[in-house]
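Please open the model in your viewer and keep the sequence beside it. The tour below moves from one selection to the next.

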Amino acid sequence: TVEPGFGGQRMMPEVLPKARELRALGFRGEIEADGGINAQNAPLLAEAGVDVLVMVTAFFRAADPAELARAVHCL
């Protein structure tokens, strides 16, 4: 969901249709997204059909990482 190479990038929104397309084609496996994921875009990714969200920078920069994990886990 970002250009490979370094942390702290913003998620590229053009990945959302790709996840939706996989689901529309009948893919039933887990879809994982990694890069630029935060509390604001996590719901969009979940809605698009992404099952696993790898959240590093947002987690470690969060004022309350446990709360962030709880909020995202419920998506």
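The lining of the second largest pocket divides into 10 nonpolar residues, 1 polar and 1 charged, where Ala, Val, Leu, Ile, Met, Phe, Trp, Tyr, Cys and Pro count as nonpolar, Asp, Glu, Lys and Arg as charged, and the others, Gly among them, as polar. This is a predicted model, in which local features need pLDDT of at least 70 and side-chain atom pairs count only at pLDDT 80 or more, while totals for chains, interfaces and linings use all residues. Residues are numbered from 1 along each chain as its sequence is written, and side-chain values use heavy atoms, with hydrogens and water left out.

Stay at this pocket and select α4 (65-73), which gives the most to its lining, with 4 residues; helices are DSSP runs of H or I of at least four residues and strands runs of E of at least two, numbered from the N terminus.

Next, turn to the largest pocket, with a volume of about 350 Å³. Of its 20 lining residues, the closest to its centre are Gly 8, Gln 9, Gly 36, Ile 37 and Thr 57. (On a 1 Å grid over the protein atoms alone, a pocket is an open set of points where a 1.4 Å probe fits, with protein on both sides within 12 Å along at least five of seven lines; lining residues have an atom within 4 Å of a point. Grid points are joined across faces, edges and corners, and a volume is the space filled by probe spheres set on the points.)

Finally, select Gln 9, which lies in the segment before α1 (16-24).
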